[in-house]
Amino acid sequence: MANYLRKLVSGKKARFKDESLDVELDLVYVTDHLIVMGYPASGAEGIYRNRRDDAKKFLEHRHGKDFWIFNFCPTSENSYPSSFFEGRVSRYPFPDHHAPPLAILPLAAREIRQWLSGSPERVAVLHCKAGKGRSGTLACAYLLSLDEPPGPPKLKRSMAKKEWAKARADRIMDTIDTEEMPSEGNMTEPNNLGQASPSVYTPPEVDLQDVQIQEKVDISRTPSQKSLDPIFERVGEEIRQVPLSPKRSIKLEDVIALHTSRRMKVSSKDGQKLKQGVSIPSQRRWLYYWSLVLTHVSPPGFWGVIPPSSDTRSPLTSTLPEVKEPASQPKVRLRQITIRMRELTGMKKGLLKVANTLLERSGSSKQPDTPGGGLVWASVARYDDELVGTLERWEQLTREKGDGSTEANHFKMGKRRPGSDMMGEESVQDIFKESKWDRAKMVRSFARVGEISRSKTKEETEAGAVVVHTLRPLSDKKWATIEKSVSDDVPPGPVVDPERALGGTNESAAASPTSSITAIGLVPNNATEDGIVLNAEREVRVKLHVGRVFLGWFWFIPTFHMLCPIPSTTSTKTEPTHFKLTRKEVDFPIGIGSHLVDVDVELEWIGRGEPNATVAELPEESLDPEELEMGDQSVGLSSALAAMQVAAEGGGLEESVNTAEVAAQ
């Protein structure tokens, strides 16, 4: 029964059966040296996830002490003592279904590489909760940083019995065709760091249609190929926009395909393509950003790269470099967001009305006179600034120097600088040691955009009517107008953290007597009619709603999508940049969100020295209304409604569970 439940929860992910141990795990070898798996659970959770004891037994049986675990779960979500695995655990936590602070990618990739370089027998074991999105993102980040293209497993220890038998049979048939029969030793000889040897990996057919166009880009492409997003280079004092140059042989799409081919279960239906392993668009967008950083074609000045000639730090005396002063940080202004949606008709229109009505009656929302489901609005959020600053300082400090032969060789972004993991008594692994950053919510909202009125425009297309919603920054005065329309006659009730209501372990989230609608007015909005000031180099999340019904969200870093250069004075005017996403490039466009056509984010550079252009500070606690639900009933109701929408449209168990979790975040 337990194995049946585990397979049901694993869904379309591949599993590994060790017949000698009589253990089956939600686990795969992406390469001979890189493992991804589901969370090693205990107690009741172990009934439907990997049992922690089984995971330890498996790893020790196959690898002895030559394994190191990388855990991407926040303690508010899941946790276990590192002593269970004899201290061989590193943590780089970030929330489920989200993109991480970008600096986590190089920090984790460098540590994985450093561990694996110690011995060809070593393996790195990556896990989050489901062992798919977060662990897949970091697995791909590491594989992208290698010097040679990675390949699938070749060793017997990396394959289940049936897979190994098939691999041997295929290899024998290949050698018969070429009349060259290698020895079994040659068949199983690995090279280091999980790279293919000696043959070059040919990726299988994987459904990559959902990947953004710029994420499909071959990062070894020739200058004749183009990208929708600008790429930059510095020539003296001049900044030029250029296409990517051929500097690396590793292709992002091949790395994603390799991970997918290993992580996802092969369908029994002929011709059916695999569902992507890293399926969340924002996480793939992060891999695209990382590929640009690795090829030294990220926006100029990003992460404050220090030329070797001026970098006088030594491994023993280095101190954490300071991040840019607020005045020197490049800034952009978010002017507006335009959302186009197919017009709701029939069942979907009724479902939206029912969902908002149920949420109103549960006490979590009040939207009178909204037959179509209420106003469209969005919250703007980011990670804690101190956390991101700390991660970026460690990123700068731990990157290895290049030979300096060219501007692109100043640093080897995928390798850790020797001796840089310790600064006095402080270690890079201590960043998350005390759970300072992940015991509570890691992402906090600080501003809103929305429709000023219910007026909207409609476009007629071949596919039918499309409604256009224009969301502009909501000042406190304008938000008060909306607040009044949703706050009348709402009974007060306790505010309960969604993760606690869903059975989470967030001990820091105490109940409050404040009603969720009243709390809306307590949010430091940080918006003016001109726009919302953002740090161009920091991660931003935009979460979309109709009334209280979730539409989807997306993460982005503005500087990667801005036209260059930054205006040098406040009098210099630049054309606004439009960052556009189709529905498939939005995370979890579920239920009503499936009617999204596209989203257009309008941004503009803020000239250096412009007065009052200050990036808003985050509130101590995120108080946005979508994160303040009135009691267990409304939190569960919001999640259940979202899951029901997916199930009604034919979604599977895993997709419905993910939808419920996302709607509650």
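Is cysteine 73 buried or exposed? Cysteine 73 is buried, its relative accessible area being 0%; here buried means under 20% relative accessible area, exposed means over 50%, and partly exposed lies in between (1.4 Å probe, protein chains only). The model is a predicted one, in which local features need pLDDT of at least 70 and side-chain atom pairs count only at pLDDT 80 or more, while totals for chains, interfaces and linings use all residues. Residues are numbered from 1 along each chain as its sequence is written, and side-chain values use heavy atoms, with hydrogens and water left out.

**Overall view**

The chain has 15 helices and 27 strands, taken as DSSP runs numbered from the N terminus (helices H or I, at least four residues; strands E, at least two). Of its 665 residues, 55% count as buried. Contact means heavy atoms within 4.5 Å; among contacts between residues at least 6 apart in sequence, 76% join residues at least 24 apart.

**Cysteines**

The structure holds 0 disulfides, a disulfide being a pair of cysteine sulfur atoms within 2.5 Å. Cysteine 73 is in no disulfide, and the nearest cysteine sulfur, in cysteine 128, is 6.0 Å away. That distance of 6.0 Å is too far for a bond. Cysteine 128 is also buried, with a relative accessible area of 2%.

**Helix α10**

Helix α10 covers residues 385–398. Its 14 residues should span 20 Å, and its end C-alpha atoms are 20 Å apart, which agrees; the expected span is 1.5 Å times one less than the number of residues. Because 12 of the 14 residues are buried, α10 is largely enclosed by the rest of the structure. Its buried residues pack against several elements, including α3 (104–116), β13 (376–383) and β15 (411–416). At the start of α10, a side-chain oxygen of aspartate 384 comes within 2.9 Å of the backbone nitrogen of glutamate 386.

**Around serine 158**

Serine 158 sits in the loop between α4 (133–144) and α5 (161–178) and is buried, at 0% relative accessibility. Its side chain makes a polar contact of 2.7 Å with the side chain of aspartate 32; a polar contact is a pair of N or O atoms within 3.5 Å, where within protein one must be able to donate a hydrogen and the other to accept it, and residues adjacent in sequence count only if both atoms are side-chain atoms. Among the residues that serine 158 touches are Glu163 and Arg262. Glutamate 163 belongs to helix α5 and is partly exposed, at 29%. The side chains of glutamate 163 and arginine 262 are joined by a polar contact of 2.7 Å.

**Salt bridges**

A search of the whole structure finds 28 salt bridges, each a side-chain nitrogen of Lys or Arg within 4 Å of a carboxyl oxygen of Asp or Glu. Three of them are set out below.

| Glutamate 19 | Lysine 161 | 3.9 Å |

Aspartate 598 is partly exposed, at 21%, and arginine 340 is partly exposed, at 22%. Elsewhere, Glu77, Asp96, Lys129 and Arg134 are linked in a network of salt bridges.

Terms used:
Lists of a residue's contacts leave out its neighbours within four places in sequence.
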